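Take a moment with the sequence and the structure below.

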Amino acid sequence: MTTSGSIILNKLQISQKIRRIAYQIYETNSSEKEVILAGIVGNGYIFAEKLVEVLQEISPLKVTICKVNIDKKHPLKPVSTSLDVTDYKNKSLILVDDVLSSGTTLIYGIKHFLDVPLKRFKTAVLVNRNHKKYPVKADFKGISLSTSIKEHIQVEFSTKETEAVAYLV
């Protein structure tokens, strides 16, 4: 781990949040045969992978993971996904990111999926910062924090499955 700051979630707490969110996703989609987890490239995708692991352990759902490529510094650039549109059309989809701060990344991710008819569309984040610039919310969240505008949340997922931490810097 490279960042220093106040730890807001340690590896055990992150693991517990992932498990709880996975159960919420399963409960919401218990009548579905398949659910798509669309992870925003970077930590959002890693978070989605961890959710997939737990969902496969706790539910009979077919879980398909999709990588969502968004240029976070230039969100107006076209968004692309690792799945073809026909792979998630008329299915339940959850857009996943690690931190919901201003909402810019999630809103542009949502915009991409609005062009496709979906059965159900939800969002999941590990940390919700409550500093939204756009009217977007997290349907599934690990923790909500009211931070100052100058503070930042950084989530680090190690390559080791057991190591993860979220910092307030």
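Which residues of helix 1 are buried? They are Ile14, Ile18, Ile21, Ala22 and Ile25. Keep in mind that the model is predicted.

Look at how these residues are placed. Seen down the axis of helix 1, the buried residues fall within an arc of 105°, so they line one face of the helix. An α-helix has 3.6 residues a turn, so residues three or four places apart point the same way.

Now turn to the other side of helix 1. Leu12 and Glu27 are exposed there.

Step back to the whole element. Helix 1 runs over residues 11-28 and holds 18 residues. From first C-alpha to last, helix 1 reaches 26 Å. That is close to the 26 Å expected at 1.5 Å a residue. At the start of helix 1 sits a contact to find: a side-chain oxygen of Asn10 comes to within 3.0 Å of the backbone nitrogen of Leu12.

Next comes the largest pocket. About 300 Å³ of space lies in it. Its lining is made up of 17 residues. Nearest the centre of the pocket lie Lys72, Asp97, Asp98, Val99 and Thr105.

Where does the lining come from? Strand 5 (92-100), helix 4 (104-113) and strand 8 (153-157) each supply at least two of its residues. Strand 5 gives the largest share, with four residues.

What kinds of residue line the largest pocket? Six are nonpolar, eight are polar and three are charged.

Conventions
Residues numbered from 1 in each chain as written. Predicted model: local features only at pLDDT ≥ 70, side-chain atom pairs only at ≥ 80, totals over all residues. Heavy atoms only, no water. Expected span 1.5 Å × (residues − 1). Buried < 20%, exposed > 50% of the residue type's maximum accessible area, 1.4 Å probe, protein only. Arc of directions from axis to C-beta. Polar contact = N/O pair within 3.5 Å; in protein donor to acceptor, adjacent residues only side chain to side chain. 1 Å grid on protein atoms, 1.4 Å probe; cavity = no way out; pocket = protein on both sides within 12 Å on 5 of 7 lines; lining within 4 Å. Points joined across faces, edges and corners; volume = space filled by probe spheres on them. Nonpolar A, V, L, I, M, F, W, Y, C, P; charged D, E, K, R; others polar.
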